[in-house]
Amino acid sequence: MDPFAPVQRSDDGPAGPTQPCTGCGAPVDPGRAQYSDAGEMVCARCAAGDTIATGENRAAGSILSAGVGSLVFGITGWLCINPFFIFSVLAITSGVFGTITLVRQKEYQRVMGSKYELTLAMAIIGAILGALRILLGLLGIAVLETTGF
């Protein structure tokens, strides 16, 4: 049974009493009904839509976490001891993931709303901070080697 197929009515009438879906109003057989998170009876199409929306919200939360994480790792790489540039690498990795995901998949702009631009900015700034820390750290190591320390 395709949950996205249009609602079909048979010529011989319904097999039993139906109730309207609380989401779209389509007739639903209570014996084969699905229920929303709120416990309301919904048709297969509305249940599938709720499942998709839940997944999109979870993915948007992960992207937001990548943007915040990139900025936090980028700042931490400058303010704390950064052995082997671990915080800087994490900042770059999280920032690149968040930026690429947001740029390639524009549908998250609708899901994230006003957080879209903020997440994109945090991811880019964090990645830049991480890259600058690595470049300046390697430059400092090169200077120390040339001076004989």
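These are my notebook entries on one protein chain, taken from a predicted model.

**Entry 1: the overall layout**
I started by listing the secondary structure, and I got four helices and four strands. Reading from the N terminus, I wrote the order down as β-β-β-β-α-α-α-α. Next I looked up burial: of the 149 residues, 28% count as buried. The chain exposes about 9,800 Å², and carbon and sulfur atoms supply 65% of that area. I also checked the contacts with a separation of 6 or more, and 54% of them come from residues 24 or more positions apart.

**Entry 2: helices H2 and H4**
How do the axes of H2 and H4 cross? I found that H2 (residues 86-104) and H4 (residues 115-147) have axes that come within 7 Å and cross at roughly 145°. I noted the crossing of H2 and H4 as left-handed. Then I looked up who meets whom: the H2 side includes Ala91, Gly95 and Leu102, and the H4 side includes Leu120, Ala127 and Arg133. Sorting the residues of this contact gave me 12 nonpolar, seven polar and one charged.

**Entry 3: aromatic rings**
I searched the whole structure for aromatic pairs, and one turned up. Phenylalanine 73 and phenylalanine 87 are stacked, 6.3 Å centre to centre with 25° between the planes. Which parts does this pair tie together? Phenylalanine 73 lies in helix H1 (residues 44-79) and phenylalanine 87 in helix H2, so the pair links parts that are 14 residues apart in sequence.

Terms used
Residues are numbered from 1 along each chain as its sequence is written. This is a predicted model: local features need pLDDT of at least 70, side-chain atom pairs count only at pLDDT 80 or more; totals for chains, interfaces and linings use all residues. Side-chain values use heavy atoms; hydrogens and water are left out. Helices (H or I, at least four residues) and strands (E, at least two) are DSSP runs, numbered from the N terminus. Buried means under 20% relative accessible area, exposed over 50%, partly exposed in between (1.4 Å probe, protein chains only). Contact means heavy atoms within 4.5 Å. Accessible areas come from the Shrake-Rupley method with a 1.4 Å probe; for residues, only the protein chains shown count as cover. Axes are lines fitted to C-alpha atoms, for helices over the stretch in contact, and angles run from 0 to 180 degrees between N-to-C directions. A crossing is left-handed if the near helix is turned anticlockwise from the far one by less than a right angle, and right-handed if clockwise. Ala, Val, Leu, Ile, Met, Phe, Trp, Tyr, Cys and Pro count as nonpolar, Asp, Glu, Lys and Arg as charged, and the others, Gly among them, as polar. Rings of Phe, Tyr and Trp (its six-membered ring) pair if their centres lie within 6.5 Å; planes under 30 degrees apart count as stacked, over 60 as edge-to-face and the rest as tilted.
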